[in-house]
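Biologist: Please take me through this model one question at a time, and give the cut-off behind each term when it comes up.

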Amino acid sequence: MKRFFCLVITGLLVTTLTAGCGWHLRGTGSVDNVSSVHISSQGRFNDFYEALSRSLQANDITVVKNATDAQYNIVILDQKYSRKTATVSVTVRVSEYQLTEEVTIMILAANGQPLLQRTTLSTERFFDFDENDVQSKEDEANLLRREMRSDLIRQIISRLNAVANRSTTVPGPDATEG
């Protein structure tokens, strides 16, 4: 019984400390001042587009089909993925790969005004390669690629949040000087 109370008190203490320091799970932040977004992309229904759309909807942002109905327009200009040899073993065989994923975006206001100029976001990961276990290493590379895609989506949503907060705090051209 005494052990149970010690565990409960320890659990409460850890919870209080982590909540008090501002720590939270990644991706649980909210996006303020954004109600609807249109995503412009050449590969309109590829994995990246679908994942971005789901993440925006998870943040209570409506993804609309028509750019004129949206508050903001995220334009995906380019998306690249590369896999390069990072290191080789003494037998001159690949022992580590470097994976890089980049996406180039712009964010436009409803009226077409650029709020975020052409910006390239990137992320990279390294993973050990074992030629004796190719299938599991390919599965690992695919998992890393999904994580990289999620990281890029978090970066896009962060930029969208910054643009939305900046555009609501900066006086527009109609503001009168006092």
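Biologist: In which sense do β1 and β3 pair, and over how many bridges?

Modeller: This is a predicted model, in which local features need pLDDT of at least 70 and side-chain atom pairs count only at pLDDT 80 or more, while totals for chains, interfaces and linings use all residues. Residues are numbered from 1 along each chain as its sequence is written, and side-chain values use heavy atoms, with hydrogens and water left out. Ile-39 stands opposite Ile-74 in β3, and, taking two strands as paired if DSSP finds at least two bridges between them, β1 and β3 pair in the parallel sense over 5 bridges.

Biologist: In what order do the elements of the chain run from the N terminus on?

Modeller: Elements here are DSSP runs numbered from the N terminus, with helices (H or I) of at least four residues and strands (E) of at least two. On that basis the chain comes to 3 helices and 5 strands, and their order from the N terminus on is α-β-α-β-β-β-β-α.

Biologist: Which strands stand at the edges of the sheet?

Modeller: The 5 strands form an open sheet with mixed pairing, in the order β2-β1-β3-β4-β5. Two strands have a single partner each, so one side of each is left without a neighbour in the sheet, and these edge strands are β2 (62-63) and β5.

Biologist: How many bridges join β3 to β4, and how many join β4 to β5?

Modeller: Both pairings are antiparallel, β3 with β4 and β4 with β5. In the former, Ser-82 stands opposite Thr-100 in β4, while in the latter the bridge partner of Thr-104 is Thr-120 in β5. β3 and β4 also form a hairpin with 5 residues between them, where Val-92 in the turn has a positive phi of about 55°. The bridge counts are 15 for β3 with β4 and 12 for β4 with β5.

Biologist: Which residues does Leu-160 touch, not counting residues up to four places away in sequence?

Modeller: Contact means heavy atoms within 4.5 Å. With sequence neighbours up to four places away left out, the residues that Leu-160 touches are Val-34, Val-37, Leu-56, Ile-61, Tyr-72, Ile-74 and Ile-107.

Biologist: Which residue does Glu-101 meet in a salt bridge?

Modeller: A salt bridge here is a side-chain nitrogen of Lys or Arg within 4 Å of a carboxyl oxygen of Asp or Glu, and by this rule the count comes to 6. The closest N and O atoms of the pair that Glu-101 forms with Arg-145 are 3.4 Å apart; Glu-101 lies in strand β4 and Arg-145 in helix α3, so the pair ties together parts that are 44 residues apart in sequence.

Biologist: Is Lys-137 buried or exposed?

Modeller: The side chains of Lys-137 and Glu-140 meet in a salt bridge (3.0 Å, N to O), and both residues lie in helix α3, 3 residues apart, about one turn of the helix. Glu-140 is partly exposed, with a relative accessible area of 29%. The relative accessible area of Lys-137 is 16%, so Lys-137 is buried.

Note on methods
Buried means under 20% relative accessible area, exposed over 50%, partly exposed in between (1.4 Å probe, protein chains only).
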